[in-house]
Amino acid sequence: MYLVLSIVLSTILGFVLLFFGTYIAGVIAFGIIVGCLFRGLYLLNDIHKSLDSSPKKNKVQVAYESYLNEREKGIH
């Protein structure tokens, strides 16, 4: 449904831009395209940051691992 709404609104915007002069319509179209590109880059950067961050260990996991390391050193 969102795709259909986007298509209809883009068609209406295209008809509106036809009635403006070529200079004004070009500036508006350029602004729309560059704005979408910047938004896409921002979202890609956001996705990269969320995927890049490795899961951090909490205090319980760190204490358990140190306990296991100490126990292994004591046994051997």
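This text goes through a predicted model of one chain, from its overall form to a few single residues.

The average pLDDT of the chain is 85, and 95% of the residues reach at least 70. Of the elements, α2 has the highest mean pLDDT, at 88. The lowest mean, 84, belongs to helix α3, which covers residues 59–75.

Next comes the secondary structure. The chain has 3 helices and 0 strands, and its pattern along the sequence is α-α-α. Helix α1 spans residues 2–19, helix α2 spans residues 22–52, and helix α3 spans residues 59–75.

How do these helices fill space? Along the principal axes, the C-alpha atoms occupy a box of roughly 85 × 30 × 15 Å. The radius of gyration of the chain is 27 Å, whereas a compact globule of 76 residues would have one near 11 Å.

Of the 76 residues in the chain, 3% are buried.

Where is Phe20 placed? Phe20 sits in the loop between α1 and α2. Its relative accessibility is 41%, so Phe20 counts as partly exposed. Leaving aside residues up to four places away in sequence, Phe20 touches Ala25 and Ile28. Ile32 is 12 residues from Phe20 along the chain, and the C-alpha atoms of Phe20 and Ile32 are 15 Å apart.

Thr22 belongs to helix α2. Is Thr22 buried or exposed? Thr22 counts as exposed because its relative accessibility is 78%, and the cut-off for exposed is over 50%. From Thr22 to Tyr42 there are 20 residues in sequence and 30 Å in space, taken from C-alpha to C-alpha.

Arg39 also lies in helix α2. With a relative accessibility of 47%, Arg39 counts as partly exposed. This class runs between the limit for buried, under 20%, and the limit for exposed, over 50%. Lys57 is 18 residues from Arg39 in sequence, and the distance between their C-alpha atoms is 33 Å.

To put the main points together, the chain is built of 3 helices and 0 strands. The chain has a radius of gyration of 27 Å, and buried residues make up 3% of it.

Technical notes:
Residues are numbered from 1 along each chain as its sequence is written. This is a predicted model: local features need pLDDT of at least 70, side-chain atom pairs count only at pLDDT 80 or more; totals for chains, interfaces and linings use all residues. Side-chain values use heavy atoms; hydrogens and water are left out. Helices (H or I, at least four residues) and strands (E, at least two) are DSSP runs, numbered from the N terminus. Buried means under 20% relative accessible area, exposed over 50%, partly exposed in between (1.4 Å probe, protein chains only). pLDDT is the predictor's confidence in each residue, from 0 to 100. Contact means heavy atoms within 4.5 Å. The radius of gyration is taken over C-alpha atoms; the globule rule is 2.2 Å times the number of residues to the power 0.38.
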